[in-house]
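Please look at the model shown below with its sequence beside it. The paragraphs that follow lead from aromatic rings to a helix, then to the cores and the loops.

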Amino acid sequence: MQRSPFATAFPTLLSPAQFVSQLFVNGSVTQSTSDRNTAIAEFGSATNTSDVAARARALRDVAENASLNNQEFNRAFVLMQYIGYLRRNPNDAPDGDYTGYDFWLTKLNAFNGNFVAAEMVKAFITSGEYRQRFGP
């Protein structure tokens, strides 16, 4: 909350409504009226967002939003596959870019997050890269 990139992007001069709206926009999430009101209520009757504790509570309200969670889950799951099974970043060799990551994210999204139906785990542990590095 107090790091300069966050403080610059979300100055304390913002009203609580502006602060919360900007958080939802930054997360690319459409805010529901109840979610918005809950986060704004963290500031009580304040006209600005200088209360650090209230800013943190409002940020947590937005971060724990179900829509944001659903939106970010698939991205995190695909990243976990690379880190957990291949023990590398998605843009490390042999890829060099995010083509493989984007492929798996698109596939997982096409299966509505059902990694079993998308055969993600199976594909990672039967891949040539995995078998060459970690066993038969």
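Rings of Phe, Tyr and Trp (for Trp, its six-membered ring) are taken as a pair if their centres lie within 6.5 Å, and the pair counts as stacked when the planes are under 30 degrees apart, as edge-to-face when they are over 60, and as tilted for the rest. With that criterion the structure holds 13 aromatic pairs. Since this is a predicted model, local features need a pLDDT of at least 70 and side-chain atom pairs count only at pLDDT 80 or more, whereas totals for chains, interfaces and linings use all residues. Residues are numbered from 1 along each chain as its sequence is written, and side-chain values use heavy atoms, with hydrogens and water left out.

A pair of aromatic rings is described by the distance of the centres and the angle of the planes. For W104 and F124 these are 5.5 Å and 45 degrees, so the pair is classed as tilted. The pair links distant parts of the chain, with W104 in helix α6 (residues 99-110) and F124 in helix α7 (residues 120-125), 20 residues apart; helices here are DSSP runs of H or I with at least four residues, numbered from the N terminus.

Contact, meaning heavy atoms within 4.5 Å, shows what surrounds F124. Leaving aside neighbours within four places in sequence, F124 is in contact with Q81, Y82, Y85, L86, W104 and Y130. The C-alpha atoms of F124 and Y85 are separated by 6.7 Å, although the two residues are 39 apart along the chain. Y82, Y85, F103, W104, F124, Y130 and F134 form one aromatic cluster.

Attention now turns to helix α4. Within α4, the residues A54, R55, A58 and V62 are buried. These four cover an arc of only 100 degrees around the axis, which puts them on the same side of α4; the arc is that of the directions from the helix axis to the C-beta atoms. An α-helix has 3.6 residues a turn, so residues three or four places apart point the same way. The buried residues of α4 pack against α1 (4-9), α2 (16-26), α3 (33-41) and α5 (66-86). At the N-terminal end, D51 caps α4, with a side-chain oxygen 3.1 Å from the backbone nitrogen of A53.

T49 counts as buried because its relative accessibility is 0%. Its contacts, apart from neighbours within four places in sequence, are P11, T12, L13, L14, S15, P16, F19, F43 and R55.

A nonpolar core is a set of buried Ala, Val, Leu, Ile, Met, Phe, Trp, Tyr and Cys residues joined through side-chain atoms within 4.5 Å. The largest such core has 15 residues, of which F19, V20, L23 and A58 touch the most other members. Two or more residues come from each of α2, α3 and α4, and α2 gives the most, with four residues. Not counting residues up to four places away in sequence, V20 touches Q31, R36, A39, I40 and A58. Apart from this core lies another, of eleven residues, among them W104, L105, L108 and F124.

The loops hold some backbone features to check. In the loop between α5 and α6, R87 has a positive phi near 55 degrees, in a residue other than glycine, and R87 is exposed because its relative accessible area is 59%. P94 is found in the loop between α5 and α6, and a cis peptide bond joins A93 and P94, with omega about 15 degrees. E119, placed in the loop between α6 and α7, has a positive phi of about 55 degrees although it is not a glycine, and counts as partly exposed at 42% relative accessibility.

Conventions. Buried means under 20% relative accessible area, exposed over 50%, partly exposed in between (1.4 Å probe, protein chains only). A polar contact is a pair of N or O atoms within 3.5 Å; within protein, one must be able to donate a hydrogen and the other to accept it, and residues adjacent in sequence count only if both atoms are side-chain atoms.
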